[in-house]
Amino acid sequence: MKNSLRSLLLILCVSIVSNTTFAQKKATPIFKDGEAQVVKAFNDPKDWIRHDLWVETEFDTDGDGKLDRMHVDVTRPKQTETEGLKLPIIYESSPYYAGVAADVPGLFWDVHHEIGEPAKPRVHPEVKRIGKRPIISESQVLPWVPRGYIVVHSSSPGTGLSQGSPTVGGDNESLAPKAVIDWLNGRAKGYTSPEGKEEVKAYWSTGKVGMTGTSYNGTIPLAAATTGVEGLEAIIPVSPNTSYYHYYRSNGLVRSPGGYLGEDIDVLYDFIHSGDESKRAYSNTVIRDTEMKNGMDRITGDYNDFWASRDYLNDMEPMKAGLLMSHAFNDWNVMPEHSYRIYKAAKEKGLPVQIYYHQDGHGGPPPLSLMNRWFTHYLFGIDNGVENDPKAWIVRENDNRLEPTSYADYPNPDASIVTLQLHPGGLSYGALNTEKINEATKETLIDDSKFSGDSLAKLASSKHRLLYVTPTLTKDLHISGVAKIHIKLASSKPAANLSVWLVSLPWNTNQGAEITDNIITCGWADPQNYKSLRSSEPLIPGKFYDMTFGLQPDDQVIKKGQQIGLMIFSSDSNFTLLPKPGTELTIDLEGTQLELPIVGGEVSFKESTQK
């Protein structure tokens, strides 16, 4: 009896020890210094579970009478299956995963024509879908799955194996990621096939979702956030396009994104339309050849309801996700105004916000540590104090992009406006300083797009631009915010391009130097829109008009020994329509000023204005 009792106790002890050991071996996320750490048990790709499915949306945009389904992939640690572990989600969506159109001649609009005249018809290529199931993308897997997240990707409507039509900023591109987030929270249905009825449930999800991505992939997190969907806790958009008007137009001017002269919203539609070939004819007719053709207006460049419906600033009322915005001050593709306008609005709404800017070109996420702290707090609920971190992180010139300098906010709270006045001599080098001009002076330039902006800035004199230059700086000058130009001008024709560059001089001609080494910021406008973005009117030749507009946001330190040059010209060979040479723009210097946001509110010049 005693032996039996002893044996029973021994068995119980062994069982307890075994269960305790098993419990101790269960893998869980680990946090250190407020960041999720790589967990060895999550770090072996051979152990990851990978599968795909289709999530049903609330819209039908391919005209087949059925709700569109989005193609979704999932990558998760095996413990979500073997141990019942539930984890939060890092989610990225894109129209690019299944390939894009070939860059064929005629894909872009021809920009060599007069302003206000239609361009020649362009080519509409067909996209051949690429990729194999179940993996849609690997883009977010390696950084996040080992740190205890589940990673989800989806193809946006009308691309890859997702149903529907691409609308390039239409409502379905906001509602599609919303549906995926709803599915991750048990509010929408997922299926094993695009047409079948066998359901898939996200039983491994905590329902907490963070989104990120770059460019178009960075636009979609903002689009999802503007729906106010429950479960989307935080987003990190990188170089996002937040308004298609601001991407393809500028203050009433038809303007291309840098590097893609002649692109417009219908070109991007053709570029990404990799969805079901049998459904493309319907989409082309309804979306591209009707809605876009009637709304995009390459003739006037005016803002209208079509563009307003593709401006996420107009949709921010429901947004409640925490926002860590990322962008570059020298991104001339998706320009820095896109991030700043949303950051500013989110901050005014009282949302948790941070912004990260670097000095390079398009793309470039924040350092992983910044992203990790953001997602760790909002998705895992770890109290790491991220909400009390500095709001702005700026990579200073020539610094490592992973080592930003922190500031209280952007623009720098210590910046204030200094107004600079133009003085005669702009065909060579007119003066630019704080002294009020004391006489009425007008100067004229002649448009010729054969001269690029950088070549004009380098010339000692030119009839094709006006250049006004400060004296040499005796102290470093820190610009932070949005510079504005108030300009009074007349045109010799009823329509003209207006381009404004702010540059640092002398021009850097060192081998390997980039144009952006000298460009501080730029802006473009259509003088016909001097009254309103929504209504342009032909200019009366010779009549002067007043116009005010902002240049692109910037945060840059101009070193002492440099000079700041304000260059005014007409057609910009990298961005605008390119009419025949000859249009004359006359600038009234007395009615033209530059407002610069300068940290400290002071500028120190040498007395001499000689360049």
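Are D266 and R122 buried or exposed? Both D266 and R122 are buried, where buried means under 20% relative accessible area, exposed over 50%, and partly exposed in between (1.4 Å probe, protein chains only). The model is predicted: local features need pLDDT of at least 70, side-chain atom pairs count only at pLDDT 80 or more, and totals for chains, interfaces and linings use all residues. Residues are numbered from 1 along each chain as its sequence is written, and side-chain values use heavy atoms, with hydrogens and water left out.

Salt bridges come next. A salt bridge is a side-chain nitrogen of Lys or Arg within 4 Å of a carboxyl oxygen of Asp or Glu. By this rule the count is 36 salt bridges. D266 forms one with R122, and their closest N and O atoms are 3.2 Å apart. This pair links distant parts of the chain: D266 lies in helix α7, and R122 in the loop between β5 (87-94) and α3 (141-144), 144 residues apart. R122 also meets the side chain of D270 in a salt bridge (2.7 Å, N to O). D270 is in helix α7 as well, 148 residues apart from R122. D270 is buried, as is R122.

A further salt bridge joins R373 and D389, with the closest N and O atoms 3.0 Å apart. R373 sits in helix α11 (residues 368-380), and D389 in the loop between α11 and β15 (392-394), 16 residues apart. Both R373 and D389 are buried. Elsewhere, salt bridges that share partners join R122, D266, D270, R288 and D289 into one network.

E35 lies in strand β2 (residues 35-36). Helices (H or I, at least four residues) and strands (E, at least two) are DSSP runs, numbered from the N terminus. E35 is buried yet has no salt bridge; R373 is the nearest side chain of opposite charge, 5.5 Å away. For charge, Lys and Arg count as positive and Asp and Glu as negative; His and the chain ends are not counted. E35 touches I30, S369, N372, R373 and T376, not counting residues up to four places away in sequence. Contact means heavy atoms within 4.5 Å.

Helix α7 (residues 265-272) has seven of its eight residues buried, so it is largely enclosed by the rest of the structure. The buried residues are I265, D266, V267, L268, Y269, D270 and I272. Their cover includes α5, α6 (244-248), α8 (280-295) and α9 (305-308).

Helix α5 (residues 216-225) also packs with helix α4 (residues 172-184): their axes come within 8 Å and cross at roughly 75 degrees. That makes α4 roughly perpendicular to α5 (65 to 115 degrees). Axes are lines fitted to C-alpha atoms, for helices over the stretch in contact, and angles run from 0 to 180 degrees between N-to-C directions. E173, S174, P177 and I181 in α4 meet Y216, I220, A223 and A224 in α5.

Strand β27 (residues 563-569) has seven of seven residues buried, so it is largely enclosed by the rest of the structure. Q563, G565, M567 and F569 point one way, and I564, L566 and I568 the other way. Two strands pair if DSSP finds at least two bridges between them. β27 pairs with strand β20 (residues 466-469) in the antiparallel sense over four bridges. There, Y468 has L566 as its bridge partner. β27 also pairs with strand β23 (residues 498-505) in the antiparallel sense, over seven bridges. L505 stands opposite Q563 in β27.

Notes. Angles under 35 degrees count as roughly parallel, over 145 as roughly antiparallel, 65 to 115 as roughly perpendicular and the rest as oblique.
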